Amino acid sequence: MTRSEAPRHVAYFDHAATTQVHPSVVDVMMRCYSDTFGNPSGGHTVARAARRAIDEARDAVASIVGCAPREVIFTSGGTEADNLAIFGTPGHAVTVATEHHAVLHAVEHVGGSIAGVLSTGEVDLDSLSAVCTTNTRMVSVMLANNEAGTINDLDAVRRTIKKCAPNASLHTDAVQAAAWLDLREAARSADMISMSAHKFGGPKGVGVLVARSGHDPQAQLVGGGQERELRSGTQNVAGIVGLAEALRITDRDRAVTNARVATLRDRLADGLTQIANVHETVERSKKLPGSCHLCIEDVEGESMLFLLERQGIYASAASSCASGAMEPSHVLAAMGVPIGRASGALRLTLGVTTSNADVDHALAVIPDVINRLRAR
Amino acid sequence: MQVLMAMSGGVDSSVAAALLLDAGHEVVGVTMKLWGGESDTGCCSVSDVDDARRVAQQLGIDHFVFNFTEEFNEHVVAPYVDAHAKGLTPNPCIECNRHLKFDRLMERAEQLGFDAVATGHHAQIVTAADGTLAIGRGGDAAKDQSYVLNMLTPEQLTKIMLPVGGSQKPELRALAEARGLRTASKPDSQDVCFITSNAGRVTFLGSRIPLRQGRIVDTDGVELGTVPAIELVNVGMRKGLDIGGGPRRFALDVDMENQVVTVGTLDQLMTEKTVLRDLQLHHGSAHGDVLVQVSAHGTPEAATLDGDTLRWASPHRKVAPGQSCVLYDAGNTYVIGAAIAR
């Protein structure tokens, strides 16, 4: 249990929190730091090299997301992209109760309205219609949920808001989805798309807001006028280059990775749901391939995570607050999961680096931990 | 032993963790997140968690945060508000120790496989005359916290460690300083941790229960003035009673139903006996000579315990209803039990 008995095998099941930086991303970033250190806003050769690196990254991102290069705005991450979309689009804003706090708190901050979800975690289109008006300027619906893994059908959302909020831009937080879904298809209905590099093998501290033509947000950072004056501040050149490389690898390998990880996830979820009173929160057809979200009755989440960590399983439950304490999940509450079930929530998220051995280890450890906690 | 060290982010628990490591124990640090609201006085804020985590990092131990806000609200905040509403004196620190640190946390520690829970309290675990464990006075008399640990049973004490309980505070600060711990010169926490010094009790309680004006009368029924919130008046209180000049007068009785505070002189405040409820005796018998302390840092006074009645050796100020009366052995070295004043 303690440090003197360090776990023999460690298995990282927290890919929704962050991912390991891909080795080739590290390579391109290191080269960038050493060779392409110029300020991209400058005019000389050194500056132009940095500018070119960013322009190439912008082209790569645009082709993978399915937008024009000029529609790509580089930011400091997913939260900034979400905030830029919402604060940068004045007027009535609408979002959904299960959104990441980067969206939810921003919409609450501007006095917006919150729509409900179905028990699967999908946006409730009737509820969405009910809170939209002709004055609504922003509707933000996440593409995939960070806790439950549920995927939203943005085409259906678009059809709904066409009727009830015809003057609104549709923004989607695709921070979780970008690792798994082809955004050319899945986000084709969105006018604005947020992404964060560290969720798909890139570095922390860099993200993207795609704002399609006619949906430019108002700048929230003013200064040197970078990013078409929509996001001032000297660009994080290496980060942007790393983001593009990570997205390129993700897109290239997506079909193979998704199939492989889904198989691992299925084996994990099948094994764990053999245990009495362990429930899969959302049916697999409705969620991301890397998501295994369980509600475990008669177990306290904090105790479970502590014991899992001691045995080398790194997972999470709901989102953490600034202090590091576990907070009750607003996502599960919105989905109507009873408190008794939600308090034993376990989020295992798999990713590119997840192996068969990781799943074996989880299947060996987790049932014992559950039994041990239930025995007390 | 495998010890779960409760780290508040203060200097005492920081040094306690270090001493446990020095003694060869396997230590895991935990900070309990107790209060979800605003706080700038006590042990519950994010910056305190940051301090605890940084100290744990410096000591090379794992650190976790357990969220017990729900239990804290249920067992500490709600009873605190309820006591004020009824005109009783609440004991939030005692209830927090009883229900959070030495119930919820101990239960969690046992579940997770720890042998003991340690805290940075200034109190010592000693052997009582009956041969079982008792909570003894802290080594630093000015910091002694045995009063707020009165509920600990001999059985619980077998699984509790108080590594700094015998130390002097300046000594602990020096130890923290020597190890470069960032908590070395952090001020002691005080007051009720969930009430901000800025907003205060009136704001806190006013947002939860109606605060009612009370009439102040003397023992002959003559009206002397008013108090803005009778819920904040305790028997024995002198400050905050707006009755102008004259001799010093104290609250002798608080009649919540009729919203009347009766005041009188110090002589009138004195009593021969105090009736108790909820007596919990860890050692000794319910009949005999004891020393009694009625506030966290009060002076122990001699009395005879006679079942549910304390007969004071010499006249004693009336104890506010709801106040914890902690009983010590005749030698004033350890807690033998505790009760609540009726």
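Reader: What makes the five strands E3-E2-E1-E4-E7 of chain B an open sheet, and which strands stand at the edges?

Author: In this predicted model, the five strands follow the order E3-E2-E1-E4-E7 in chain B, with parallel pairing. Strand E3 (63–67) and strand E7 (160–161) of chain B each have a single partner strand, so one side of each is left without a neighbour in the sheet. Those two strands therefore stand at the edges.

Reader: How do you know that E1 and E4 of chain B pair?

Author: Two strands pair if there are at least two bridges between them. Strand E1 (residues 2–6) of chain B and strand E4 (residues 116–118) of chain B have three bridges, in the parallel sense. That count meets the cut-off, and they are a pair. For a place to look, find B:Met5, which stands opposite B:Ala118 in E4(B).

Reader: Thanks! What makes the other group of strands in chain B a barrel?

Author: Here six strands of chain B close up, in the order E12-E15-E14-E13-E16-E17, and the pairing is antiparallel. From one strand to the next, the twist averages 40°.

Reader: How do you know that E12 of chain B is joined to E15 and to E17?

Author: Count the bridges. Strand E12 (residues 270–281) of chain B has five bridges to strand E15 (residues 309–317) of chain B, and the two run antiparallel. E12(B) also has four bridges to strand E17 (residues 335–341) of chain B, again antiparallel. You can check each join at a residue: B:Met270 has B:Arg317 as its bridge partner in E15(B), while B:Gln280 has B:Ala338 in E17(B).

Reader: What makes E10 and E11 of chain B a hairpin?

Author: Strand E10 (residues 250–255) of chain B and strand E11 (residues 260–264) of chain B run antiparallel and are joined by five bridges. Four residues lie between the two strands of this hairpin. In the turn, B:Gln259 has a positive phi of about 55°. Across the pair, B:Ala251 stands opposite B:Val263 in E11(B).

Reader: Now the helices. Why are H3 and H4 of chain B called roughly antiparallel?

Author: Angles over 145 degrees count as roughly antiparallel. Helix H3 (residues 69–85) of chain B and helix H4 (residues 92–111) of chain B pack at about 165°, their axes 9 Å apart. H3(B) and H4(B) are therefore roughly antiparallel. Their crossing is right-handed. The contact includes B:Phe72 and B:Tyr80 of H3(B) along with B:His99 and B:Leu100 of H4(B). By class, its residues are seven nonpolar, two polar and three charged.

Reader: Why is H2 of chain A called roughly parallel to H8?

Author: This label needs an angle under 35 degrees. The axes of helix H2 (residues 45–65) of chain A and helix H8 (residues 237–272) of chain A cross at roughly 30° and come within 9 Å. That makes H2(A) roughly parallel to H8(A). The crossing is left-handed. Among the contact residues are A:Ala53 and A:Ile64 of H2(A) and A:Leu247 and A:Asp251 of H8(A). By class, the contact has 13 nonpolar, no polar and two charged residues.

Reader: What scores does the model have, and what is the mean pLDDT of chain B?

Author: The model scores ipTM 0.87 and pTM 0.91. Chain B has a mean pLDDT of 92, and 95% of its residues reach 70 or more.

Definitions and conventions:
Residues numbered from 1 in each chain as written. Chains lettered and ligands numbered in written order. Predicted model: local features only at pLDDT ≥ 70, side-chain atom pairs only at ≥ 80, totals over all residues. Axes fitted to C-alpha atoms, helices over the stretch in contact; angles between N-to-C directions. pLDDT = per-residue confidence, 0-100. Parallel < 35°, antiparallel > 145°, perpendicular 65-115°, else oblique. Left-handed = near helix turned anticlockwise from the far one by under 90°. Contact = placed C-beta atoms within 7 Å. Nonpolar A, V, L, I, M, F, W, Y, C, P; charged D, E, K, R; others polar.
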